[in-house]
Amino acid sequence: MGLTKSITTPLLDPLQFAYRANRSVDDAWITHFLTDRRQYVRLGKTVSDSITISTGSPQGCLIKFADDTTLIGLISDGDETAYRREVARLVSWCGHNNLQLNAQKTESHSPFAPLALMDSPITIVDSFRFLGTTITRDLKWEPTISSLIKKAQQRMFFLRQLRKLKLPPRMLAQFYTAIIESILTSSITVWYAGATVRDRLRLQRIVHAAEKVIGCRLPSIQDLYISRTRRCAGRITADPSHPGHGLFSPLPSGRRLRSIRTKTSRYMNSFFPSAIRLLNTK
C-alpha cells in the first residue's frame with residue numbers, strides 16, 4: 001500500500017488506483033521497482049562506485065507475459081459486425097496499454113470469414129479449451145467428458161493403493177471427494193445437462209468403481225449436478241448485480257420462475273434454462 005500511495009495523488013484513493021485508465025496496481029509496483037535502480041561491481045575486495053541504471057531489470061527478475069486471454073463477441077444471423085468490433089476494441093486497448101498481440105498464437109472459433117490480427121491471419125479451429133473445458137463448435141461435450149474420465153481413472157490407481165495400505169473408509173472417501181470427484185464435477189453445471197446418456201453412464205461407472213474400493217455409498221453424478229446447479233442459481237438470484245440475475249424472473253404467483261423459451265436442444269440444455277427447470281421442481 002505504501003508503494004501505491006507514493007505514486008497516487010493526495011486526492012486519489014489508492015484502493016481505486018487499479019481502475020485508472022492505462023494504469024493498474026501491477027504498474028505501480030513495477031514502476032517503483034524498476035525506477036532509480038542502482039548497480040555496482042565487486043571484484044574481490046574492490047567495489048566500484050554505484051550508478052543508476054536505465055535499462056534491463058534487477059538480477060533474479062523474471063519478465064512475465066499476459067496469456068490465455070479470451071474474447072467473446074456476438075454473431076447473430078451470420079452478422080459478424082459486433083464480433084469484429086470487439087476484436088478491434090481489444091487491439092486498440094492493447095496498443096494503448098503497451099501490450100503486443102501474437103497472431104501466431106491466436107485462434108478463432110468463428111466459422112465465417114477469417115480474421116486478421118495486425119495484418120496476420122488467425123487460425124480457425126473447431127474446438128478450444130477454456131478453463132479446462134473443451135468447447136466445440138457444435139457444443140457437444142463428449143471431448144470434455146472423455147478428458148475428465150481419463151483423469152479420474154488415473155487417480156483411481158492411487159485410491160486402490162491407499163486401500164491396500166488399509167486406510168479406513170472415511171479417509172478413502174475424503175480422498176475420493178478431493179481428488180476424483182472434483183475432477184468428475186469440473187464445470188459440471190456447464191456440460192452435464194447437454195451430455196448424452198452414454199456419457200452420463202461412463203461418468204457414473206467411475207463412481208461405482210470407487211464405491212467398490214471404498215466400501216460405502218457415494219453421491220451420484222446426477223445428484224452432484226443438481227445440488228451444484230441449484231447452489232449456483234441461488235447465488236445468482238441473490239445477487240442483483242449479476243448479469244444473469246434478470247433471467248430468473250418469478251411468475252406472478254411468486255412460487256415458480258418464468259421458463260426461458262428455447263428453439264434448440266443445445267439452448268434448452270444450457271445452464272440458465274436447466275437451472276430454472278430444476279428450481280421449479282423443488
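Colleague: Leu74 first: buried or exposed?

Modeller: Leu74 is exposed, since its relative accessible area is 57%. Cut-offs, with a 1.4 Å probe and protein chains only: buried is under 20%, exposed is over 50%, and partly exposed is in between. This is a predicted model, where local features need pLDDT of at least 70, side-chain atom pairs count only at pLDDT 80 or more, and totals for chains, interfaces and linings use all residues. Residues are numbered from 1 along each chain as its sequence is written, and side-chain values use heavy atoms, with hydrogens and water left out.

Colleague: Where does Leu74 lie?

Modeller: In the loop between strand 4 (51-52) and helix 3 (81-96). Helices (H or I, at least four residues) and strands (E, at least two) are DSSP runs, numbered from the N terminus.

Colleague: And what does Leu74 touch?

Modeller: Skipping residues up to four places away in sequence, Leu74 touches Asp79, Ala82 and Tyr83; contact means heavy atoms within 4.5 Å. Leu74 and Arg85 are 11 residues apart in sequence, with C-alpha atoms 9.7 Å apart.

Colleague: Zooming out, how many helices and strands does the chain have?

Modeller: The chain comes to 10 helices and 10 strands. Of its 282 residues, 26% count as buried. Among contacts with a separation of 6 or more, 46% are between residues 24 or more positions apart.

Colleague: Which residues touch the most other members of the largest nonpolar core?

Modeller: Leu159, Tyr176, Ile180, Leu184, Trp191 and Ile221, out of 32 residues in that core. A nonpolar core here is a set of buried Ala, Val, Leu, Ile, Met, Phe, Trp, Tyr and Cys residues joined through side-chain atoms within 4.5 Å.

Colleague: Which elements give two or more residues to this core?

Modeller: Helix 4 (142-164), helix 5 (169-184), helix 6 (188-191), helix 7 (197-214) and helix 8. Helix 4 gives the most, with seven residues. Another core of eight residues lies apart from this one, including Ile236 and Phe271.

Colleague: What is Ile221 in contact with?

Modeller: Leu184, Ile188, Tyr192, Leu203, Gln204 and Val207, leaving aside neighbours within four places in sequence.

Colleague: OK, packing. At what angle do helix 4 and helix 7 pack?

Modeller: About 5°, with their axes 10 Å apart. That makes helix 4 roughly parallel to helix 7. The contact includes Met156 and Leu159 of helix 4, and Leu203 and Ile206 of helix 7. Its residues divide into 11 nonpolar, two polar and five charged.

Colleague: How are axes, angles and those classes set?

Modeller: Axes are lines fitted to C-alpha atoms, for helices over the stretch in contact, and angles run from 0 to 180 degrees between N-to-C directions. Under 35 degrees is roughly parallel, over 145 roughly antiparallel, 65 to 115 roughly perpendicular, and the rest oblique. Ala, Val, Leu, Ile, Met, Phe, Trp, Tyr, Cys and Pro count as nonpolar, Asp, Glu, Lys and Arg as charged, and the others, Gly among them, as polar.

Colleague: And what's the angle for helix 8 with helix 10?

Modeller: Helix 8 (residues 221-237) and helix 10 (residues 271-280) pack at about 100°, with axes 9 Å apart. They are therefore roughly perpendicular to each other. Tyr225 and Ile236 of helix 8 and Phe271 and Leu278 of helix 10 are among the residues making the contact.

Colleague: Where does UniProt place the "transmembrane region"?

Modeller: At residues 173-194, in an unreviewed entry. Over residues 173-194 the chain is 73% helix and 0% strand, with the end C-alpha atoms 28 Å apart. UniProt positions are given in the numbering used here, feature names are shortened, and annotations may be inferred rather than shown by experiment.
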